[in-house]
Amino acid sequence: MKILFLLLGITVSACSYSQASKAKASTTPAVINTVPAEVITDDTTHWTISTVSTVGYVNTTSGPNYNTYTSGGGMLVKFRFKKNNRFEFQLYVQANTYGMMNEAWTYVEGTVEFTKDAKGQNIFITKAEKGTYRTNRGGSVNSRPIPENELKGQHSCTFLWEKTTFKDDPGNIYLLTVDLEQHPGADINTPGSIDPSWVSKFHIPKKG
């Protein structure tokens, strides 16, 4: 609000501003939640993909880590969807070699919209707002915020999705996703348009 010279002017302007704010608040539409209840998880559960190896090796290189057991490495990917159109994404990559451990973390959060595309397919669109990159190379840890252009580029995406179960894995529920920006021709109603290698299979434990 601009500075006014007279006290009366300040009072009138303050009242007008207050009334205008109330009018604006009353006409501003409430945020409509588009996140389906079926994909929302609690604070301790994430839709997860894990390739972290359960097979490791014994470090035979001289030094403080000699004769220690270390995982062979792998990747962990997590999505969590919240009410009010929010999402969290995490990516952890571990690549271990003899005498050296390398780790990289990516954390992103922002808004998400669940909707349908022109073909009537279920899609969700992520718009990243902030995030962090963190690395650990042989004990040297570095962290930095994700630049704006990368948030809007590689971390804001459109995905085709479907929730399902598999008979050979009755203990888990799956969220299948396809990145439509990488594979724009993917069509769930057209056989052969989706290569199995494009499908990311996130899962959560089935309750009960």
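Which residues does T158 touch, not counting residues up to four places away in sequence?

Modeller: Happy to! This is a predicted model, so local features need pLDDT of at least 70 and side-chain atom pairs count only at pLDDT 80 or more, while totals for chains, interfaces and linings use all residues. Residues are numbered from 1 along each chain as its sequence is written, and side-chain values use heavy atoms, with hydrogens and water left out.

With residues up to four places away in sequence set aside, T158 touches I123, F124, I125, V178, D179, L180 and E181, where contact means heavy atoms within 4.5 Å. T158 sits in strand 9, residues 158–166; strands (E, at least two residues) and helices (H or I, at least four) are DSSP runs numbered from the N terminus. T158 counts as buried because its relative accessibility is 17%, given that buried means under 20% relative accessible area, exposed over 50% and partly exposed in between (1.4 Å probe, protein chains only).

From T158, let's follow F124. Leaving aside neighbours within four places in sequence, F124 is in contact with F79, F81, V112, E113, F114, C157, T158, F159, W161 and T177. F124 also belongs to the largest nonpolar core, which has 24 residues; V39, W47, F79, F81, F114 and F124 touch the most other members. Such a core is a set of buried Ala, Val, Leu, Ile, Met, Phe, Trp, Tyr and Cys residues joined through side-chain atoms within 4.5 Å. Among the strands that each supply at least two residues of this core are strand 4 (73–82), strand 7 (122–137), strand 9 and strand 10 (169–179). Another core, of 5 residues, lies apart from the largest one, and its members include I123, V178, L180 and A186.

D179, another contact of T158, leads us to the largest pocket, whose volume is about 470 Å³. A pocket here is an open set of points on a 1 Å grid over the protein atoms alone, where a 1.4 Å probe fits, with protein on both sides within 12 Å along at least five of seven lines; lining residues have an atom within 4 Å of a point. The volume is the space filled by probe spheres set on the points, which are joined across faces, edges and corners. The lining divides into 14 nonpolar, 8 polar and 1 charged; Ala, Val, Leu, Ile, Met, Phe, Trp, Tyr, Cys and Pro count as nonpolar, Asp, Glu, Lys and Arg as charged, and the others, Gly among them, as polar.

Strand 4 supplies at least two residues of that lining, as do strand 5, strand 10 and strand 11. Turning to charges, the side chains of R80 and D43 meet in a salt bridge at 3.1 Å, N to O, the rule being a side-chain nitrogen of Lys or Arg within 4 Å of a carboxyl oxygen of Asp or Glu. R80 lies in strand 4 and D43 in the loop between helix 1 (7–27) and strand 1, so the pair ties together parts 37 residues apart in sequence. R80 counts as buried at 7% relative accessibility, whereas D43 counts as exposed at 62%. Both residues join K82 and E88 in a network of salt bridges.
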